[in-house]
Amino acid sequence: MQHKTQLTLSFLLSQVLLLACAEDLECIPGFQQKVFYIEQPFEFTEDQPVLNLVFDDCKGNNKLNFEVSNPDFKVERDGSLVALKNVSEAGRALFVHARSEHAEDMAEILIVGANEKRGALKEIFKIEGNLGIPRQKRAILATPILIPENQRPPFPRSVGKVIRSEGTEGAKFRLSGKGVDQDPKGIFRINEISGDVSVTRALDREAIANYELEVEVTDLSGKVIDGPVRLDISVIDQNDNKPMFKEGPYVGHVMEGSPTGTTVMRMTAFDADDSSTDNALLRYNIIKQTPIKPSPNMFYIDPEKGDIVTVVSPSMLDRETMETPKYELVIGAKDMGGFDVGLTGTATATILIDDKNDHPPEFTKKEFQATVKEGVTGVIVNLTVGDRDDPATGAWRAVYTIINGNPGQSFEIHTNPETNEGMLSVVKPLDYEISAFHTLLIKVENEDPLVPDIAYGPSSTATVQITVKDVNEGPVFHPNPMTVTKQENIPIGSVVLTVNATDPDTLQHQTIRYSVYKDPAGWLEINPTNGTIGTTAILDRESPYVQDNIYTALFLAIDSGNPPATGTGTLHITLEDVNDNVPSLYPTLAKVCDDAKDLRVVVLGASDKDLHPNTDPFKFELSKQSGPEKMWKITKINNTHAQVVLLQNLKKANYNIPISVTDSGKPPLTNNTELKLQVCSCKKSRMDCSATDALHISMTLILLSLFSLFCL
């Protein structure tokens, strides 16, 4: 009953609107009412009229045909809009396109709620506080115009008409706004006399959906005498845009063994058509799946949301039994709610089946063999395993552990990152004489933990049998290095040390002979049979071959194997110092001016190659001076230095001053030497010693001459 009342009201309103304007309007081709508002019913009933549309091409409606945007509706020959089946959801609007031999037009039917309808009717009829429908007299009547997009030529094409109820001689219509005199210019124009509005080219709703124009009436001089009045032109959407997937590439991941119905990813397409119409109502489907094993229908896509979910049992989603862990789905998105008349866009979704650790690693055999020479380190065997999980993941990568047979930590095992093999290495040299065989127990696991219902089994452990091969090892000195302390200057032929070397190859019963390997100073020899080291020269602690009082020599111990093996021993001899070096004096030359006021000639220093206490304090002395007057003296400054002082100015000449310096050794050693003194003439800060070379006065020579005279 409510539905019939609604239809009657709509029909009456349309008729009232036509009657209200009839006396002012001439016949205008097209729908006599272009916009309808109907209240959303619970359901549109099949074959039940919804409303009545009136179309008139003013020439008899010859070959009149109606098209409805929703395929669930049609328009009868008499203009009645009816549903072809019971429809509960028709969207927010329906569009009816009518075409005859002489005209075509578009009507819009807006489906609104009760409150929306009341507001819409009030807007149409300008009801202000009562339920009457008064006729409003207007000089310019500019009803909204609806134009389908993508119309075909010819152009210009008449799309509507503006009329004026009050005729004025010479009055003209003028149209302005976006699409006329504003960019994009020249789309619409109006016949200034008749008021016919025409479009000059096809429209694109996706570019501009609505145009708001203004109509004015001017006199012959161009002065506005009526208006402006707003003229709304709406572009009616056509299904001219197929859905597009813009967010690719589309890649989804799902874990193997996932429950049926697990969501993998969402595919979303975009349609540029009117979202309030079926032109942009999308439905999704899977067009193709590659590969098709183990099932051609591994996945399902929600037709409305685009969610891709798994539809096979967890056991079929087994990565290790699949032909490939990658599936490609061609996804289609069709507008018009998925009906055949819709346009389709496609995209490819790539789904990767991710691995979980549901297969433990297993050794390819229970026992591995390895052979290694004693004394050698490095990789001795590669342990191979198999794992059906995804390579290069933590579910595949192996971790090896030695769980028995390695108490001395002589072995280590590491994973080869490329082959996943276990590389067993000797890191501490093995000794054949201690143990010729080793047995290791090794387990293998994955980096990632196994899934809860899977465990490591017996195949995840293996035994490695290692055989150590005997080799001829060189003799070993005990101890090494060897140390001994000796005084320097011991007699040639003295015994320094008897060395001891043994052969590790105890089962071979070999003999050992000795030889000198490195003896930098050539001081030593060794008995080749018993290893006694003796001196062949004097040991000198002050020799450049001695470093920090230690002399180092190397000796060889050679066994009788075939080929013979050699061991090297190092001998460190610490040399104790004896007082075998006299002190030395420096400097040995001094110069002084013949008129010098400061008669302190020079400070002398002494040094000794020996060690304390065979060095300082030193004793400085002058040899006895003869003659009527003493000419110089020497004074001690400290333990290592003394000062020579003239007692009077001397004439320009060369003098040799006899000096003795004695160390503190027991017994002490004395060095008798001479200090050469040059007395020079000094003028204007220049010292001239050239003439002194001709004068050599030695106190010793003077004494000898005088002694000879007295003896005659």
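Biologist: How much of the chain is buried?
Modeller: Buried residues make up 42% of the 712 residues. Buried means under 20% relative accessible area, with exposed over 50% and partly exposed in between (1.4 Å probe, protein chains only). This is a predicted model: local features need pLDDT of at least 70, side-chain atom pairs count only at pLDDT 80 or more, and totals for chains, interfaces and linings use all residues. Residues are numbered from 1 along each chain as its sequence is written, and side-chain values use heavy atoms, with hydrogens and water left out.

Biologist: How many helices and strands?
Modeller: The chain has 3 helices and 53 strands. Both are DSSP runs, numbered from the N terminus: helices are H or I, at least four residues, and strands are E, at least two.

Biologist: Which residues have the most contacts inside the largest nonpolar core?
Modeller: They are L604, F620, V644, L646, I659, L675 and L677, in a core of 27 residues. A nonpolar core here is a set of buried Ala, Val, Leu, Ile, Met, Phe, Trp, Tyr and Cys residues joined through side-chain atoms within 4.5 Å.

Biologist: Which strands supply it?
Modeller: At least two core residues come from each of β45 (589-593), β46 (600-607), β48 (632-636), β49 (641-646), β50 (653-662) and β51 (670-683). β50 gives the most, with 5 residues.

Biologist: And what is L604 in contact with?
Modeller: Leaving aside neighbours within four places in sequence, L604 is in contact with L585, Y586, P587, F620, I634, T640, H641, A642, V644, I659 and L675. Contact means heavy atoms within 4.5 Å.

Biologist: Switching to disulfides. How many?
Modeller: The structure holds 2. The cut-off is a pair of cysteine sulfur atoms within 2.5 Å. C593 is joined to C682, S to S 1.9 Å. That link is left-handed, with -85° about the S-S bond.

Biologist: What does the C593 and C682 pair tie together?
Modeller: C593 lies in strand β45 and C682 in strand β51, so the pair ties together parts 89 residues apart in sequence.

Biologist: Which cysteines form the other one?
Modeller: C680 and C689, with their sulfur atoms 1.8 Å apart. The torsion about their S-S bond is about 100°, so this disulfide is right-handed.

Biologist: Is C680 buried or exposed?
Modeller: C680 is buried, at 0% relative accessibility. C689 is buried too, with a relative accessible area of 13%.

Biologist: Now the second largest pocket. What volume?
Modeller: About 570 Å³. On a 1 Å grid over the protein atoms alone, a pocket is an open set with protein on both sides within 12 Å along at least five of seven lines, while a cavity is a set of points where a 1.4 Å probe fits but cannot get out; lining residues have an atom within 4 Å of a point. Grid points are joined across faces, edges and corners, and a volume is the space filled by probe spheres set on the points.

Biologist: Which residues lie nearest its centre?
Modeller: E67, H97, M106, D237 and Q238, out of 31 lining residues. β8 gives the most to that lining, with 6 residues.

Biologist: Which residues line the second largest cavity?
Modeller: H97, E104, D105, M106, L146, I147, P148, Q151, R157, S158 and V159.
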